[in-house]
Amino acid sequence: MSEERQLLRETVAALVDKHASPEAVRAAMESERGYDEKLWGLLCEQVGAAALVVPEELGGAGGELADAAVVLEELGKALVPTPLLGTTLAELALLAVGDHEPLEGLAEGTAIGTVAFDADYVINGDVADVVIGTDGENLARWTTFTATPKSTMDLTRRLSALIPGDTTVLGADPGLADTAALLMAAEQIGAASRCLDLTVAYTKDRVQFGRAIGSFQALKHRMADLYVKVSAARAVVNDAITDPSPTSASLARYFASEALSAVTAEAIQLHGGIAITWESDIQLYFKRAHGSAQLLGPPREHLRRLEAQVF
């Protein structure tokens, strides 16, 4: 990782530590827009988060997909609700078809973007200003639409059902679903690593039979296995983002989804009954794991895609 990208990671991590405590995350997810507008402003002004994939000549930061992935990974660690994923995907869609007019507002963070892969479940659809629809072959801008918020298990990610009104065909889809899979995978790796850290810390503090439960060999082995699973998944995701392709995107999405699901399931077990109470943050990670696994194509679809290339 370059020094610039490491500095980007550290800057975002510092903002998250300062402004996205567990209490702040809960307040954001229950807010009218579903995210902390003040933190979003700081991310856009101090980090240029919404401008990372936009070329400098168009008012952006001139970064790469890996830069956006780093930011999403850090936000994923604390389950920070932001419109970054949808906005980044909308920017990439507009850049692919040469429609630059909406990019200024998106890059500044004053406008929110999203891409509708499945009109029934659109990320930040109820607060989006720029909506790009795709059928897998062509992109279209939905200039008017009706949004209906969905009731979802994962309260840290706002979803809506959209019904398009007026639409304008933009051009061919450059494989946006694969890019979405890569960015989602990076976010999942962040959530998995933080959930594992929280679980390890809990087992060091929780005492049973006169000893911290983390000292029991059986639990050590379980957590070591989780560490290996997360590390392996991170390696797959990093390689996929460095050299993106349909195959690497499916690999990344599958491994990241499986790692996050495994970590959160074990976290529930190792924390015990407290993990499923509303006061515990572990239940939020568990819900994020299962909610994100169903977005943008569940793991089984990516696995079938990979199998089709072998058999």
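T87 counts as buried, at 0% relative accessibility, where buried means under 20% relative accessible area, exposed over 50% and partly exposed in between, with a 1.4 Å probe and protein chains only. This is a predicted model, in which local features need pLDDT of at least 70, side-chain atom pairs count only at pLDDT 80 or more, and totals for chains, interfaces and linings use all residues. Residues are numbered from 1 along each chain as its sequence is written, and side-chain values use heavy atoms, with hydrogens and water left out.

**Around T87**
- T87 sits in helix 5, residues 84-97; helices (H or I, at least four residues) and strands (E, at least two) are DSSP runs, numbered from the N terminus.
- A polar atom of the T87 side chain lies 2.9 Å from the backbone oxygen of P83.
- Leaving aside neighbours within four places in sequence, T87 is in contact (heavy atoms within 4.5 Å) with A50, L106, A111, I112 and G113.

**Around L182**
- L182 belongs to helix 7, residues 176-205, and is buried, with a relative accessible area of 2%.
- Setting aside its neighbours within four places in sequence, L182 has contacts with L65, A240, I241, P244, S248, A249 and A252.
- From L182 to G86 the C-alpha to C-alpha distance is 13 Å, while the two are 96 residues apart in sequence.

**The annotated domain**
- An unreviewed UniProt entry gives residues 182-294 the annotation "domain: Acyl-CoA dehydrogenase/oxidase C-terminal"; positions are in the numbering used here, feature names are shortened, and annotations may be inferred rather than shown by experiment.
- Residues 182-294 are 79% helix and 4% strand, with the end C-alpha atoms 14 Å apart.

Definitions and conventions: A polar contact is a pair of N or O atoms within 3.5 Å; within protein, one must be able to donate a hydrogen and the other to accept it, and residues adjacent in sequence count only if both atoms are side-chain atoms.
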